[in-house]
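User: I'm new to this one. Can you walk me through it, starting with how the chain contacts itself?

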Amino acid sequence: IADTSPWVEASAAIWRIATLCIVVAEPSSEKLEASYLTVKRIHSVRPDARIGLVINSVRSYAQGEECFRKLAEVARKFLKINIRNYGCVLRDAAVSEAYERAVPLVKAFPDSKAAKCIDAITGLILMDQSAIARRRREVSFPECVLRRDRSPALRSWSF
């Protein structure tokens, strides 16, 4: 896992060797546009890379789904690619509190809404990569929710 900025030239070197690139977007129009540009840059450097999307700081799951849908439609229409939905992270005051304390959110506030979302996203990525390794079979976000008791990363996750 490498956290890179799409505007840093070294990012392209990381994308060239990555098999999965996850772009983190936010709901505002400007940030969704910037995320699309990131998807476009990744695709231009590594056309065969799997590209996933996480929507951060959403008010609701519905808002996250709507943002993903918009970005996925544009990527399909103009880049002729499908991007993968890895879910969203709900807006949560615990995020600011963890940041101010300089501690990881999932350690400081494991029962917070945002930490549970991150836990679910982690579980989905792990299950998805495992499924791909087995038979290139993809796992959907709803299927991940249904399987949460089978995965240690998802056991504590609930709505």
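Analyst: In the protein chain, 62% of the contacts with a separation of 6 or more are between residues 24 or more positions apart. Contact means heavy atoms within 4.5 Å.

User: What should I know about the model itself?

Analyst: It is a predicted model: local features need pLDDT of at least 70, side-chain atom pairs count only at pLDDT 80 or more, and totals for chains, interfaces and linings use all residues. Residues are numbered from 1 along each chain as its sequence is written, and side-chain values use heavy atoms, with hydrogens and water left out.

User: How many helices and strands are there in the protein chain?

Analyst: The protein chain has 7 helices and 3 strands. Both are DSSP runs, numbered from the N terminus: helices are H or I with at least four residues, strands are E with at least two.

User: And in what order do the elements run from the N terminus on?

Analyst: The order is α-β-α-β-α-β-α-α-α-α.

User: How much of the protein chain is buried?

Analyst: Buried residues make up 43% of the 159 residues. Buried means under 20% relative accessible area, exposed over 50%, and partly exposed in between, with a 1.4 Å probe and protein chains only.

User: Let's do helix packing. How do H1 and H2 cross?

Analyst: H1 covers residues 10-17 and H2 covers residues 29-45; their axes come within 9 Å and cross at roughly 60°. Axes are lines fitted to C-alpha atoms, for helices over the stretch in contact, and angles run from 0 to 180 degrees between N-to-C directions.

User: What do you call that arrangement of H1 and H2?

Analyst: H1 and H2 are oblique to each other. Angles under 35 degrees count as roughly parallel, over 145 as roughly antiparallel, 65 to 115 as roughly perpendicular, and the rest as oblique. H1 passes H2 in a right-handed crossing. A crossing is right-handed if the near helix is turned clockwise from the far one by less than a right angle, and left-handed if anticlockwise.

User: Which residues of H1 and H2 make the contact?

Analyst: H1 brings Ala12, Trp15 and Arg16, and H2 brings Thr38, Arg41, Ile42 and Val45. By class, that contact has 4 nonpolar, 1 polar and 2 charged residues. Ala, Val, Leu, Ile, Met, Phe, Trp, Tyr, Cys and Pro count as nonpolar; Asp, Glu, Lys and Arg count as charged; the others, Gly among them, count as polar.

User: Now H2 and H3. At what angle do they pack?

Analyst: H2 and H3 (residues 61-79) pack at about 40°, with axes 11 Å apart. They are therefore oblique to each other. H2 passes H3 in a right-handed crossing. On the H2 side, the contact uses Leu32, Ser35, Tyr36, Val39, Lys40 and His43; on the H3 side, Cys67, Leu71, Val74, Ala75, Phe78 and Leu79. The contact of H2 with H3 has 9 nonpolar, 2 polar and 1 charged residues.

User: Where does Ala18 lie?

Analyst: Ala18 is in the loop between H1 and strand S1 (20-25). Ala18 is buried, with a relative accessible area of 15%.

User: What does Ala18 touch?

Analyst: Not counting residues up to four places away in sequence, Ala18 touches Arg46 and Ala49. Ala18 and Ala49 are 31 residues apart in sequence, and their C-alpha atoms are 6.8 Å apart in space.

User: Switching topic. How many disulfides does a search of the whole structure find?

Analyst: The search finds 0 disulfides. Cys88 is in none, and its nearest cysteine sulfur, that of Cys117, is 5.5 Å away. A disulfide is a pair of cysteine sulfur atoms within 2.5 Å.

User: Is Cys88 buried or exposed?

Analyst: Cys88 is buried, with a relative accessible area of 6%. Cys21 is buried too, at 5%.

User: Where is the place of Ala102?

Analyst: Ala102 is in the loop between helix H4 (93-101) and helix H5 (105-108). Ala102 is exposed, with a relative accessible area of 68%.
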